[in-house]
Every structure is written in C-alpha cells, then in structure tokens.
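Subject: Handover of a structure

Hello,

Here is the structure I said I would pass on. My notes on it follow below.

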Amino acid sequence: MIEGKTKSGFAFELDENRMDDMEMIDILAKVQDGDPVACSKFIDKLLGTEGKKALYDHLRTEDGRVPIKALFDAVGEILASSGDNGKK
C-alpha cells in the first residue's frame, strides 16, 4: 500500500497494483494527446471513484469550483509519491 499526503493536506492511500495497469498508460497517452476527458478518467482509475470525489471535495473552492491547476498539482504529487515507492 502506498500512503501519503499532498502539500495541500490531502491524505491518500493507493494500492500499488493500480500503477501496474496498461489501461492507465493508455489513458495517460490520451491525456498527453490533449484529450481533456481522459484526465478525469485517469484520476478515477488512479484513486477510484470515492478517492476522486474526496480529492475534488478537498480542493473545492468556496464558489464550488475544483481548480484545474490545484488538481494537476495534487495528482502530480500523488504520482511522484507512488514512483518513490511511498510505502509506509
């Protein structure tokens, strides 16, 4: 299990098996090709439906928006932690 916390304070827990999934690579390729919908699918695949909702709620502003930059920063931190074998 990979556990960590982003700089903004979002605590996450990932099953390392989620990272060993070719479908995630396929989705990531679509993200890099500029498909904005693929980003949402990637986060769902990475964190699961409940984890994605929790991250969105954590980042949500007072006016109800989930800022894209804050979301990308958080996902980047989560991926960096998983790449470092952030096991605890």
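Is Arg60 buried, exposed or partly exposed? With a relative accessible area of 37%, Arg60 is partly exposed. Please keep in mind that this is a predicted model, and that every value in this email was computed from it.

Some more on that residue. Arg60 sits in the loop between H2 and H3. Setting aside residues up to four places away in sequence, Arg60 touches Arg65 and Val66. Between Arg60 and Leu71 there are 9.5 Å, C-alpha to C-alpha, and the two are eleven residues apart in sequence.

Overall layout

The chain has two strands and three helices, and from the N terminus on the order is β-β-α-α-α. Its radius of gyration is 13 Å, close to the 12 Å that the globule rule gives for 88 residues, so the chain is as compact as a globular protein of that length. Along the principal axes, the C-alpha atoms fill a box of roughly 35 × 35 × 20 Å.

Of the 88 residues, 28% are buried. The chain exposes about 5800 Å², and carbon and sulfur atoms supply 51% of that area. Among contacts with a separation of 6 or more, 48% are between residues 24 or more positions apart.

In soluble globular proteins, nonpolar side chains tend to be buried together. Here the largest nonpolar core has 18 residues, and those with the most contacts inside it are Leu14, Leu46, Leu47, Leu55, Val75 and Ile78. At least two residues of this core come from each of strand E2 (11–14), helix H1 (22–32), helix H2 (36–59) and helix H3 (68–83). H2 gives the most, with eight residues.

Leu55 is one of the residues listed for the core. Not counting residues up to four places away in sequence, Leu55 touches Phe10, Leu47, Leu71, Ala74 and Val75.

Lys52 is in helix H2. Apart from its neighbours within four places in sequence, Lys52 is in contact with Ser40, Ile43, Asp44 and Leu47.

Ser82, in helix H3, has a relative accessibility of 9% and so counts as buried, the limit being under 20%. Leaving its neighbours within four places in sequence aside, Ser82 is in contact with Ile2, Leu14 and Met19. Ser82 and Leu14 are 68 residues apart along the chain, yet their C-alpha atoms are separated by 8.1 Å.

Salt bridges

Side chains of opposite charge can pair when their charged atoms come close. How many salt bridges does the structure hold? There are six salt bridges in the structure, including the ones below.

- Lys53 and Asp57 meet through their side chains at 2.7 Å, N to O. Both lie in helix H2, four residues apart, which is about one turn of the helix. Lys53 is partly exposed at a relative accessible area of 47%, and Asp57 is partly exposed at 36%.
- Asp63 and Arg65 form a salt bridge at 3.2 Å, N to O. Asp63 is exposed, with a relative accessible area of 57%, whereas Arg65 is partly exposed, with 47%. Arg65 is also one of the residues that Arg60 touches.
- Lys69 and Asp73 form a salt bridge, with their closest N and O atoms 2.8 Å apart. Both lie in helix H3, four residues apart, about one turn of the helix. Lys69 counts as exposed at 60% relative accessibility, and Asp73 is partly exposed at 36%.

Regards

Note on methods. Residues numbered from 1 in each chain as written. Predicted model: local features only at pLDDT ≥ 70, side-chain atom pairs only at ≥ 80, totals over all residues. Heavy atoms only, no water. Core = buried A, V, L, I, M, F, W, Y, C linked by side-chain atoms within 4.5 Å. Buried < 20%, exposed > 50% of the residue type's maximum accessible area, 1.4 Å probe, protein only. Contact = heavy atoms within 4.5 Å. Rg over C-alpha atoms; globule rule 2.2 N^0.38 Å. Areas by Shrake-Rupley, 256 points an atom, 1.4 Å probe, with all protein chains shown as cover. Salt bridge = Lys/Arg side-chain N within 4 Å of Asp/Glu carboxyl O.
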